[in-house]
Amino acid sequence: MIVAPLEKERIVISRLVFIFMFIFLLFRFFLHITLSHLLQPSLFILNLDFSYWAYKFSGLPNLIIYNNTGVVLFDSCLFLFCFLCIVFPLKQIFVVSFGFLFLIYAITYNTFIVHHAHPLAVMMLITLPFWVKRNQSWKLLWEGMRYYICYIYTMSFIWKVFLGNTFWYWDQGIITTKYNLVEYIYHNPATAMTSIYKFFIAHPQLLNAGNILIILFEGLMVIGFFTKRYDRYLLFLPVIIHLSTYFFSDVFFIEWLVLIFVFFTKKDFDIITKRFPVLLKSFRHA
Amino acid sequence: MKVENLYLVKLFYGQKILLVVVLLFIVLNLTANFIFRSEQTPIFKWDLYSTAMPAQSSYSFLEVRYNQNQLLKFPHTWQEPQKLFFTNTLDYFIAIKRNNNTDPYKNYFANDWSRRHAYIKKLLPDVNLYNDTTEINAFPSWYKRYLEQYIQQSVWRIDVYEKKVEFINGGLNEISSSLIYKLL
């Protein structure tokens, strides 16, 4: 059967996104931080955040955290629905179910690490465009997601330059590195990474300049609002930003890189589908 | 650039419902960031590391030793998402202990927020928004279970130390180390 180009694009993008998410869910599974591994944690933090309040009031923690059957069922469904989204990328029921399950997972994770952390924020949002049935609506939402990603980095730039003061504070790079990595360096004095960190700590100008450069890279994402011509290059900025902040500041936002798919151009898709034609296989009409 | 190619114009002609949703999200997010400078639920505020961190002459952190003085250690930085379950929760537990065994949020919710928003409080279900005695008392046994899962051996003793260190000549110098809590 002939698949329309837009549907083709949707199938490939869906699969790339959900494969990425599946891999990182596995990563979290082996790190023992999926819900069935949490072993009924006790302390929590809701903050003044209504989503977390709604989560608590709904009684969900009793079902998926403090219930042995419920927690195993939740984890199984989380993985199963992510897998089903890869196999049947056009079946909304699977995508919507997985989107909700992932949102619940992210809120639960943040609640019980007693810190409303950002690493899962983009994954929480990125499934939303796939919730709609019509391919034209999906395309519009996917385009909106691209703008939103540009907005996130631009906003971060604005915060650091105009609302906060990090950009104007030269020592921020070295201070962040010391603050975030002191414990690692203390407990792992003989590793290669510690030697690298020590080198950079001994040369703070490199870290401080790197910090300014990262903020400027965030600011460069504003280009995405005005043209798509540079998407192939914009794609690398989040990669550089998150790898740098991971290595030099121990800020583990690698899961954010699911966002790079919003910058894929037609040329990128042609290359990918030529290399991996299985990504195009549709089971919708099977 | 042609006007009809603008994203919001395409939404206007193609999907009016989506246009309303997108505009609402934009307004809420911009209002949250620029006016209230706070989070738009559940998380969407992008101000991480936007406030300058003051220089410190020394750094403090908690260190966990279990059984026969074995160190709880995370050899890889990519273990961060897991490490948070050990370090953040323990930090918070110690903060509760130092606050007369009371969750700092209890002070806020019970003594401040609930009084200022009595009409909302009345509408909410009778569920604690903070940790109470049950959660606090359950923490040590949960920590033991979670630690056992991580190190794959049974744990019969957990000591929490507070370390204070300083950077000197590219290396670290320990200033002090004190046992602050016996978790088990």
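Which side chains meet in a salt bridge at 3.7 Å, N to O? The pair is A:E183 and B:K83, a salt bridge here being a side-chain nitrogen of Lys or Arg within 4 Å of a carboxyl oxygen of Asp or Glu. The model is a predicted one, with local features needing pLDDT of at least 70 and side-chain atom pairs counting only at pLDDT 80 or more, while totals for chains, interfaces and linings use all residues. Residues are numbered from 1 along each chain as its sequence is written, chains are lettered from A in the order in which they are written, and side-chain values use heavy atoms, leaving out hydrogens and water.

Across the interface of chain B and chain A there are 2 salt bridges, along with 33 residue pairs in polar contact, both residues at pLDDT 80 or more. Polar contact stands for a pair of N or O atoms within 3.5 Å; within protein, one must be able to donate a hydrogen and the other to accept it, and residues adjacent in sequence count only if both atoms are side-chain atoms. On the chain B side, helix 3 gives the most, with 12 residues; helices are DSSP runs of H or I with at least four residues, numbered from the N terminus. That side of chain B splits into 47 nonpolar, 19 polar and 13 charged residues. Nonpolar covers Ala, Val, Leu, Ile, Met, Phe, Trp, Tyr, Cys and Pro, charged covers Asp, Glu, Lys and Arg, and the others, Gly among them, are polar.

In total, chain B puts 79 residues into the contact and chain A 80, contact meaning heavy atoms within 4.5 Å. About 7,500 Å² is buried between the two chains, 67% of it from carbon and sulfur atoms. Buried area is the accessible area (1.4 Å probe) that two parts lose on being put together, summed over both.

Chain A itself is assigned domain 1 (1–131) and domain 2 (135–252), with bounds from an automatic or database domain assignment. The C-alpha centres of these domains are 25 Å apart. Between them, about 1,200 Å² is buried, 77% of it on carbon and sulfur atoms. A:L6, A:R10 and A:P129 supply 43% of what domain 1 buries against domain 2, more than any other three residues.

The two domains of chain A share 1 salt bridge. A:K139 pairs with A:E9 in a salt bridge, with the closest N and O atoms 2.8 Å apart. Helix 1 of chain A brings 7 residues, the largest share of the domain 1 side that touches domain 2.

Definitions and conventions:
Helix = DSSP H or I, 4+ residues; strand = E, 2+ residues; numbered from the N terminus.
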